[in-house]
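Subject: Structure handover

Dear colleague,

I am passing on the structure we spoke of, together with some notes on what was found in it. Please look through the sequence and the coordinates before you read on.

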Amino acid sequence: MADPRIPAPANVETTVLGADEIILNMGPQHPSTHGVLRVKLRLDGEKVVGSECVIGYLHRGVEKIAEHRTYTQFAPYVDRMDYVAAVSNGLGYCEAVEKLLGAEAPPRARVVRTILTELQRIASHLFWLGTHALDIGALTPLFYCLREREEILKIFEHYCGARLTTHAFRIGGLQYETYDGFERDVVQFCEPFDKRVDDYEALLTSNRIWLARTKGIGVLSAKDAIDYGASGPVIRGSGVKWDIRKAMPYAAYSDYEFEIPTGENGDTFDRYMVRLEEMRQSRKICLQAVAKIPAGPIMARIGKVLKPPPGEVYHAIEAPKGELGYYIVSDGTTQPYRVRIRPPSLINLEAFDKMVRGHLIADVVAIIGTLDIVLGEVDR
Amino acid sequence: MMHLLQTSLEALKPFLLPLIFAVTIVAVLPLIAGYIVLMERKVMAHMQVRLGPMRVGPHGLLQPIADAVKLLLKEDIIPESADRLVFWLAPLLTVTTAMLAMAALPFGPGFQIADLNIGLLFVVGISSMGIFGIVLGGWASNSHYSLLGALRSAAQLVSYETAGGMAIVGALLFAGTLSLRNIVEMQENLGVWFIFAAPVGFFIYLVASIAETNRAPFDMPEAESELVAGYMTEYSGFRWALYFLAEYTNVVVVASIATTLFLGGWLRPFPHTHALDFLDEFPAALMLGLAVYSLYRAPKQPVLIQKLVMVLVAGMFAAFAVILLAPMVATHVAGATSIAMMVASWKPALLGGFWFLLKIFLYIYLFMWLRFTFPRYRFDQLMRLGWQFLIPISIVNVMAIGLGLALHRVWGWPRGLALITTTLITLLIAAALAHTGEKKEGSEAMVGEFWGSGRDA
């Protein structure tokens, strides 16, 4: 018996199937649903007439766990949400708790945070580019992208010992001082990186097949993007100039010059171009930041035991995938009363059905790819 | 005694040789297919800044054997809801037809199982029968992915057979025969490979042959990121290996047709230019070079067994070199004895075989290069490319070649001039077609149109 509290699925199985329609179950074990996303597709031939995302296969109750951990103890858990961009997750959480405490990280910590977060953005976009290209059938860019991502992961490893789930920051600043040669490594990565992006462009942007597979696919108008609450490259690809780094600057972003790239048509190609340009801009930010890292302490004086005053706070950062928000309610004890996380992947995925209708199966994987979802973050 | 052996061999030759060739092909082909896979993985790896298989044997040289053993030992699974008989039959059908097509291919002047007078027709016809195995296998699996893969495969093959067939007709106009052996001999007599006489035809055949063998960027039927594995989704173990074998056999078949028709078959470059006769020594020199290189690499292998395998590989190349060299030195060493004469008579066959295989592998390398460079076409785009561009161009190409031959034979134009003129005309028409096609593209409606019209019909 169906549970009456759960509404019936919206569009895939409720209406009777036509004689020439089939329902295709894509995932959770499918090579290109980027993890354990399950998509039910209602197909007419190969044309998609309806779709439904089934999520929750990677649900780990991260928000509930937060209620039984101290503020400090919970910090490593957020790394496991968007495991492709763990540093960004950590930054969002640390800044949210700092806001709750009324504390602020010292300038040196903020600059280092900015550098690491921007490197993480590049790494995340590189991983996206490689897998997205792989979904569309271009096998080779993946390995070039992973080669560059490896450089970034090496910097992380040198800095904090971990490559993937880094837990790089602490509430109030940084746990570790930067290692000797940190600046050199960052510059060494950033200097030639522009040319590397040009290489990817040479492989893809001017390729006829790539254009045919991405232009006009998964169009999301600016109005729809706003209505769905999309953020990050998805909303910027639709032509909305919305970037939290500019709109509500955090860390040290207000000190640096960078552009917010936007698209025009809101199709897969525009989102692709936006992300490529973002990588170039992130490189620019890194180079500016690493040129002058201020001296000084790396931790604010916040005490050993964190007991924020009762109250609530919402803090959002521009994660590689979009607006990553933390809403934390404190009851004055050492453990948060409630932590609600706004994952950009989940909100962006809401637009999936709208984007996918009328396209073919081959476009479905392109659209899943272009949304750049990470299931760890969708399900939490 | 020796005389008796020789006469009895002569008497048995008409029956014996085809049998030996057939057994050789059936026995060696899976191995060759395995090594083509290894080559593909190595080529892919080096294009993608990695090493590829390195563990099994030196530089992964024994990987194909390990893979084959693994596939043979796997559990044999037939899905519960599958149609058992058809499921069992389908891979056999595909692999049989693919291997049957090898029968008429001339690997060298003497190495051919059957020199059919309709050889080309036979090869093209038989190899397109393989689609039955794919469609039946996809249907019998009783899975949506398999079904969609099979559907795509059928539509794709039908579309591209047409274009590929017309491209072949272009070359046939020059040759005037369907016998594969005579086609090569014709290229020898005319002194030109047909790729230079009909470049557009070769290009069309190249594209069509990639699509026919379901390889990227036209690998729709098994597009792993969309349909998991297309028609072979439900297959595993040895049945899957049969499909795999059929796929690579088909690659060899289309490469052989392209080599025979357009690339001069077993002929070496410029067969009539005696200044280039030293090219006859090239095969032996290459093998010797490979042997020396393998020996040089042998001490650098990490494990003793790998060192031994490397020495073995060197020995194999050296043996090839000796075989290739034997006809040339036979008469010098042993004088004019009957054995020496016989060995010397192998020369054209051995060299022909070498050049033929070299051309096949270059063609396959081109396949791989394209595969690792391009993204995948979407199904409707593939169909549009086939029907709206390749097929019209292939028809224009046939007419233009006919016109060129008429100009040459009836009005007495020089052959080169006539063909260059008509090729230019074909290219102009192709450019015009591509231009109008591009204008039409980009409108969203195309997707709907394609499928809509299919449903109403």
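Predicted model: local features only at pLDDT ≥ 70, side-chain atom pairs only at ≥ 80, totals over all residues.

Domains of chain B

Chain B is divided into domain 1, covering residues 13–73, domain 2, which is made of 74–267 together with 353–439, and domain 3, covering 278–345. Between domain 1 of chain B and domain 2 of chain B, the C-alpha centres lie 22 Å apart, and the contact between these two domains involves 18 residues of domain 1 and 17 residues of domain 2. On the side of domain 1 of chain B that touches domain 2, the elements that give two or more residues are α1 (2–47) and α2 (63–73) of chain B, and the largest share, 14 residues, comes from α1(B). Sorted by class, that side of domain 1 of chain B has 16 nonpolar and two charged residues, with no polar ones.

Helices α3 and α4 of chain B

Helix α3 (residues 84–100) and helix α4 (residues 119–140), both of chain B, have axes that come within 8 Å and cross at roughly 165°. Since angles over 145 degrees count as roughly antiparallel, α3(B) and α4(B) are therefore roughly antiparallel to each other, and α3(B) passes α4(B) in a left-handed crossing. The residues that α3(B) brings to this contact include Val86(B), Phe87(B), Leu89(B), Ala90(B) and Pro91(B), while among those that meet them from α4(B) are Ile126(B), Met129(B), Gly130(B), Phe132(B) and Gly133(B). Taken by class, the residues of the contact of α3(B) with α4(B) divide into 14 nonpolar and six polar, with no charged residue.

The sheet in chain A

In chain A, three strands form an open sheet in the order β1-β2-β3, and their pairing is antiparallel. The edge strands of this sheet are β1 (21–26) and β3 (47–54) of chain A, each of which pairs on one side only. Neighbouring strands of the sheet are turned against each other by 20° on average, with direction ignored. Strand β2 (residues 38–44) of chain A pairs with β3(A) in the antiparallel sense over seven bridges, and Arg38(A) stands opposite Val54(A) in β3(A).

With best regards

Conventions. Residues numbered from 1 in each chain as written. Chains lettered and ligands numbered in written order. Axes fitted to C-alpha atoms, helices over the stretch in contact; angles between N-to-C directions. Helix = DSSP H or I, 4+ residues; strand = E, 2+ residues; numbered from the N terminus. Parallel < 35°, antiparallel > 145°, perpendicular 65-115°, else oblique. Left-handed = near helix turned anticlockwise from the far one by under 90°. Contact = placed C-beta atoms within 7 Å. Nonpolar A, V, L, I, M, F, W, Y, C, P; charged D, E, K, R; others polar. Domains from an automatic or database assignment. Pairing = 2+ DSSP bridges.
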